[in-house]
Amino acid sequence: MRIPSALASALAVVAAALPFVASPAHAQHRIRGVVRLGAEFGGEKLGEFQYSDGSTPDVVAGAGLLVTAGGAMGLWARGAHSLDAQLNLGLKYRTIPAATNQDVNWVRFPVEGLLFYRTPVGLRLGAGATVHLGNVLSASGDVLNARTEFQNTPGLLLQAEYVHRKVAFDLRYTAMQYKVSDGSSSTLDASSIGAGLSFFFGR
């Protein structure tokens with residue numbers, strides 16, 4: 001079942017932000033900052049360029065480097081078990097290797113909202129939603145000159161991470177489709193798998 005983009009995006013942001021707004025004052029000290037650096041792979045190939053040496057770098061919808069920053073807050077805890085809400089804002093970037101006659105860059109600004117269950121052994125299991133804002137692919141050079149904009153289509157996030165003190169190592173899966181903003185019905189599979197390293201700040 002497809003959910004309208006605007007509605008799904010609003011639900012994702014509200015669900016992640018609500019605990020920060022509605023929590024009682026005595027719970028505010030449990031908010032921690034978090035910065036994550038990750039790399040993602042996968043998705044449908046949009047284009048391919050051939051260099052003079054015969055190599056062919058691909059432009060893949062789900063691939064890119066991802067940097068996010070945000071906050072995580074404990075909602076519930078019992079013993080060594082806990083439930084956290086996390087909201088992240090970031091930048092996802094993809095390019096092709098440098099060439100003298102062609103330049104391709106893909107920039108997106110992800111907004112992520114997740115709920116995490118933390119186990120006694122430091123494993124956090126999370127699920128949530130993401131939407132990629134300002135999603136634009138730009139190409140300039142002898143092979144291709146184009147600018148493609150994509151709609152703010154929401155996607156599903158699943159993430160598992162191991163937390164040691166204030167550092168976490170994670171694996172994540174993103175299920176997402178991009179839709180071109182030119183009024184056509186063209187879609188592109190932008191699903192991906194990735195790995196990342198997070199750093200937590202505060203208590």
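Visitor: Let's start with Phe150: buried or exposed?
Guide: Phe150 counts as buried because its relative accessibility is 6%, and buried means under 20% relative accessible area, exposed over 50% and partly exposed in between, with a 1.4 Å probe and protein chains only. This is a predicted model, where local features need pLDDT of at least 70, side-chain atom pairs count only at pLDDT 80 or more, and totals for chains, interfaces and linings use all residues. Residues are numbered from 1 along each chain as its sequence is written, and side-chain values use heavy atoms, with hydrogens and water left out.

Visitor: OK, and which ring pairs with Phe150?
Guide: That's Tyr178: the ring centres are 5.5 Å apart and the planes sit at 40°, so the pair is tilted. Rings of Phe, Tyr and Trp (its six-membered ring) pair if their centres lie within 6.5 Å; planes under 30 degrees apart count as stacked, over 60 as edge-to-face and the rest as tilted. Phe150 is in the loop between β8 (146-149) and β9 (154-164), while Tyr178 is in strand β11, 28 residues apart.

Visitor: How many aromatic pairs are there in the whole structure?
Guide: Three. Another one is Trp106 with Tyr178, with centres 5.9 Å apart and planes at 50°, so that pair is tilted too. Trp106 lies in strand β6 and Tyr178 in strand β11 (residues 177-179), so the pair ties together parts 72 residues apart in sequence. Ring pairs link Trp106, Phe150 and Tyr178 into a cluster. Tyr178 is buried, with a relative accessible area of 1%, and Trp106 is buried as well.

Visitor: Where is confidence lowest?
Guide: In helix α1 (residues 5-22), with a mean pLDDT of 49, whereas strand β10 (residues 167-175) is highest at 98. pLDDT is the predictor's confidence in each residue, from 0 to 100. For the protein chain the mean is 84, and 77% of residues reach 70 or more.

Visitor: And how many salt bridges?
Guide: Seven in the whole structure, each being a side-chain nitrogen of Lys or Arg within 4 Å of a carboxyl oxygen of Asp or Glu. Side chains of opposite charge can pair when their charged atoms come close. One of them joins Lys92 and Glu40, with the closest N and O atoms 2.6 Å apart. Lys92 is in strand β5 (residues 81-95) and Glu40 in strand β1 (residues 31-41), 52 residues apart. Both Lys92 and Glu40 are buried.

Visitor: Which residues are linked with those two in a network?
Guide: Glu112 and Arg172 are in that network of salt bridges with Glu40 and Lys92. Arg172 and Glu112 meet at 3.0 Å, N to O. Arg172 is buried, with a relative accessible area of 5%, and Glu112 counts as buried at 2% relative accessibility.

Visitor: What about Arg147 and Glu149?
Guide: Arg147 and Glu149 form a salt bridge as well, with their closest N and O atoms 3.3 Å apart. Arg147 is exposed at 57% relative accessible area, and Glu149 is partly exposed at 39%.

Definitions and conventions: Helix = DSSP H or I, 4+ residues; strand = E, 2+ residues; numbered from the N terminus.
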